[in-house]
Amino acid sequence: MSSSKRKSLNSPDLLLTITVFTLLIVGVIMVYSASAIWAEYKFNDSFYFAKRQLLFAGTGIIAMFFIMNIPYLTWRKYAKPILIVCFILLIAVLVPGVGLKRGGATSWIGVGAFSIQPAEFMKLGLIIFLSTYLASHQKYINSFRKGFMPSILLVFVAFGLIMLQPDLGTGVVLILTCLVMIFIAGAKISHFVGLGIIGVIGFLGLIISAPYRINRITAFLNPWEDPLGNGFQIIQSLYAIGPGGLMGMGLGQSLQKFFYLPEPHNDFIFAILAEELGFIGGTFILLLFFLLLWRGIRVALAAPDTFGSLLGLGIIGMISIQVMINISVVIGLIPVTGITLPFLSYGGSSLTLTLCSIGILLNISRYAKL
């Protein structure tokens, strides 16, 4: 890129950057608050999870600033190799002795303390590839055979590999994100109707095939039927949110994190936040996510080309869908799915990949006419 073009680039979107850093700061504080008791008990170090989260956040921030300076069109050039690597990782995690089993799912690959979650890479890899494919084949998107079907088949192959782990939560986020991208690209609604019927049948099949998923549905409909078993998580989550009231019990004053609520620093961190910071604290976090969504959509729509718009909308769509699912689970609107809350929940792969995605979005903002 010539020096004249470099000078013409905008600064990265300031409001988007501030929103992300605010969520990160709140996330590190809440991870410590929610995990201190468990960390002290298990590792004799109340800062164990907080220190690791700070390391993940720091690594993610460095990656975000590095990627922020890579022209987003570069990702279009390497879309196929990136997708191939993502598929190789998804297959590798299923190989006995290679994949690491945690929480009932073989979703990790790595050695010792260093491990990655290939499904998280696939979400971003598929967004990049679909953005490339849909931008290049936009004139065929109305065609079921030439445009719609190839995109859907690719998405379902990735979904199928993720379900072999199994990881329904991540798979649902991937499916919904890609469907949003395909719809925005101009696919016919009639194609989605047929796909929806097949999807409902397939989803019911997935639920019936695994007894624990049926138990989750049953617990969702009536958690009090089995309050010490399948309904335990959602009941304890609601017990955390209820006493929070308007102002909360105070930072660090949660009772549910005392070994009552499972995964208090991970999937259910929003429940602890609502307990300690109350309705005001929970609303503040939701407003930050709405601000992130609004700014992300503005950046994507202002991108100078179709690829940039689809890439930006895919990234912000992925984050927003994950937020909606996580908070819906925590407040009892949908069954437990095992999805983390972006920027707040404890986790390395999820947080790092989310920040890398934001780096791409910030680079798009440098070219956007906001």
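Is the crossing of H5 and H6 left-handed or right-handed? Keep that in mind as you open this predicted model, and select helix H5 (residues 79-92) together with helix H6 (residues 118-136). Their axes come within 9 Å and cross at roughly 150 degrees. Angles over 145 degrees count as roughly antiparallel, so H5 and H6 are roughly antiparallel to each other. As for the handedness, the crossing of H5 and H6 is left-handed.

Stay on H6 and show the side chains of Glu120 and Lys123, which sit three residues apart, about one turn of the helix. You will find a salt bridge there, 3.0 Å from N to O. Color by accessibility if you like: Glu120 is buried at 7%, and Lys123 is buried too, at 4%.

Next, select Lys257 and Glu276, whose side chains meet in a salt bridge of 3.2 Å, N to O. This pair links distant parts of the chain, with Lys257 in the loop between helix H11 (232-244) and helix H12 (269-301), and Glu276 in H12 itself. Lys257 has 5% relative accessibility and counts as buried; Glu276 is buried as well, at 1%.

For another setting, go to Lys51, which forms a salt bridge with Asp45 at 2.7 Å between the closest N and O atoms. Here Lys51 is partly exposed, at 48%. The model has four salt bridges in total.

Zoom in on Phe183 in H8, partly exposed at 46%.

Key:
Residues are numbered from 1 along each chain as its sequence is written. This is a predicted model: local features need pLDDT of at least 70, side-chain atom pairs count only at pLDDT 80 or more; totals for chains, interfaces and linings use all residues. Side-chain values use heavy atoms; hydrogens and water are left out. Helices (H or I, at least four residues) and strands (E, at least two) are DSSP runs, numbered from the N terminus. Buried means under 20% relative accessible area, exposed over 50%, partly exposed in between (1.4 Å probe, protein chains only). Axes are lines fitted to C-alpha atoms, for helices over the stretch in contact, and angles run from 0 to 180 degrees between N-to-C directions. Angles under 35 degrees count as roughly parallel, over 145 as roughly antiparallel, 65 to 115 as roughly perpendicular and the rest as oblique. A crossing is left-handed if the near helix is turned anticlockwise from the far one by less than a right angle, and right-handed if clockwise.
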